[in-house]
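User: Take one part of this model and go through it closely. Say how it sits against the rest of the chain, and give the cut-offs as you go.

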Amino acid sequence: MFGADPRAAPPGAPAPLRALDPRVRTLWHLTAAVAAAVGVLVATAVGLVAASAGWTVVAVLAGGAAVLMVVAAAVGPRLAYRRWSWTLTDDHLEVRHGLIVRVRSAIPTFRVQQVDVRQGPLERAFGVVTLQITTASAASDGVLPGIAAEQAEAVRREILARIAADDGV
């Protein structure tokens, strides 16, 4: 199959968790900053209109919302990146993520039907891709963002090799 993986766990030990590519954190910061900038512009406009109308409470709330958006854009992507991890065992792909609601999803390899590599323009600029795992169950489809573009095909082949090795029984 493949050569020995230096990250591979000894037989019987749990498979090691893998982190996303660090470049995805920068991409997430950029998209969060753009969203926050739009939100701050709207909050500023609302705050100015409210202040001119004498609605002090609304103006203060709009200012507070603007500050929260900036803080979320600065901190959120870093925290989200720390919470994303994944591992591939002989019988399943496990994905962990979530800030407030933590999700730990195990996708059995015998249910995987397809593994697609997606890469939008921003992902292309940052050299990362998203693996889309389609399963026999609509409820268990998986998304694995932030995989290094140069490693994506190897990860995809690794997942497909585990699927081929599993007879589904």
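Analyst: Among contacts (heavy atoms within 4.5 Å) between residues at least 6 apart in sequence, 49% join residues at least 24 apart. This is a predicted model, with residues numbered from 1 along each chain as its sequence is written; local features need pLDDT of at least 70, side-chain atom pairs count only at pLDDT 80 or more, and totals for chains, interfaces and linings use all residues. Side-chain values use heavy atoms, with hydrogens and water left out.

The chain has four helices and seven strands; these are DSSP runs numbered from the N terminus, helices being H or I with at least four residues and strands E with at least two. Of its 169 residues, 34% count as buried. Buried means under 20% relative accessible area, exposed over 50%, and partly exposed in between (1.4 Å probe, protein chains only).

The part to look at is helix H1, residues 23-52. H1 has 30 residues and reaches 43 Å from its first C-alpha to its last. That is close to the 44 Å expected at 1.5 Å a residue (1.5 Å times one less than the number of residues). After H1 comes Gly 54, with a positive phi near 85°.

One set of H1 residues is covered. Val 24, Leu 27, Trp 28, Ala 36, Gly 39, Ala 43, Gly 47 and Ala 50 are buried. Their cover includes helix H2 (56-83), helix H3 (121-126), strand S6 (128-135) and strand S7 (142-148). S7 is itself mostly covered, with six of its seven residues buried. S6 and S7 run antiparallel and are joined by five bridges; two strands pair if DSSP finds at least two bridges between them. Gln 132 has Val 143 in S7 as its bridge partner.

Another set of residues faces out. Leu 30, Val 34, Val 38, Val 42, Val 46, Trp 55, Val 58 and Leu 122 form a nonpolar surface patch of about 710 Å² accessible area together. (Patch residues have over 30% relative accessible area and no salt bridge; like charges are joined within 9 Å, nonpolar side chains, namely Val, Leu, Ile, Met, Phe, Trp and Tyr, within 5 Å. Areas come from the Shrake-Rupley method with a 1.4 Å probe; for residues, only the protein chains shown count as cover.) H1 gives the most to the patch, with five residues. Val 58 belongs to H2 and is partly exposed at 35%.

H2 also holds Gly 63, partly exposed at 36% relative accessibility. Its C-alpha is separated from that of Val 46 by 9.0 Å, 17 residues apart along the chain.

Arg 23 and Glu 150 meet in a salt bridge, 2.9 Å from N to O (a side-chain nitrogen of Lys or Arg within 4 Å of a carboxyl oxygen of Asp or Glu). Arg 23 lies in H1 and Glu 150 in helix H4, so the pair ties together parts that are 127 residues apart in sequence. Arg 23 is partly exposed at 29%, whereas Glu 150 is exposed at 58%.

H4 has a further link of this kind. Glu 158 and Arg 18 form a salt bridge at 2.8 Å, N to O. Glu 158 lies in H4 (residues 149-165) and Arg 18 in strand S1, so this pair joins parts that are 140 residues apart in sequence. Glu 158 is buried at 12%, and Arg 18 is buried at 12%. The structure holds six salt bridges.
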